[in-house]
Amino acid sequence: QRVEAALRELGEEAAAGEPSAAPPDDRRKVHGLTPRQREVLRFVAEGLSNREIGERLFVSEFTVKRHIADILTRLDLPSRAAASAFAARNGLV
């Protein structure tokens with residue numbers, strides 16, 4: 001509900017032509033995740049390994065591990081499986 005309210009508020013500000021107080025990066029966050037984190041989460045939900053995700057995103061396996069750790073922390077989830085379930089429940093896959 002909080003996310004829906006925030007998105008409505010952003011839409012109203014854009015329609016009114018008023019600049020948002022939030023920096024552009026913050027306005028693109030959904031569920032507290034950046035666009036890159038959502039992309040990594042989608043790959044996790046598809047069952048890709050860290051190596052496979054890194055190859056698709058042209059980043060190191062370490063960078064993928066860091067993204068996944070950040071995702072789990074932001075969403076307060078215990079595992080990749082829980083993150084995959086979250087992604088499915090919230091239409092991110």
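Select helix α6 (80-89) and look at what covers its buried residues: the cover includes α3 and α5. Helices here are DSSP runs (H or I, at least four residues), numbered from the N terminus. The buried residues in α6 are A82, A83, S84, F86 and A87, where buried means under 20% relative accessible area with a 1.4 Å probe, protein chains only.

This is a predicted model, in which local features need pLDDT of at least 70, side-chain atom pairs count only at pLDDT 80 or more, and totals for chains, interfaces and linings use all residues. Residues are numbered from 1 along each chain as its sequence is written, and side-chain values use heavy atoms, with hydrogens and water left out.

Next, go to G91, which follows α6 and has a positive phi near 65°.

Now select L41. Leaving out residues up to four places away in sequence, L41 touches L33, I71, L75, A83, F86, A87 and L92; contact means heavy atoms within 4.5 Å.

L41 also belongs to the largest nonpolar core, which has 19 residues. Such a core is a set of buried Ala, Val, Leu, Ile, Met, Phe, Trp, Tyr and Cys residues joined through side-chain atoms within 4.5 Å. V40, L41, I53, L75 and L77 touch the most other members. Two or more residues come from each of α3, α4, α5 (61-75) and α6, and α5 gives the most, with 5.

Last, select α3 (residues 35-45) and α4 (residues 50-57), whose axes, lines fitted to C-alpha atoms over the stretch in contact, come within 10 Å and cross at roughly 135°. Their contact is made by R36, E39, V40, F43 and V44 of α3 and I53, R56 and L57 of α4.

Note on methods
Axes fitted to C-alpha atoms, helices over the stretch in contact; angles between N-to-C directions. Buried < 20%, exposed > 50% of the residue type's maximum accessible area, 1.4 Å probe, protein only.
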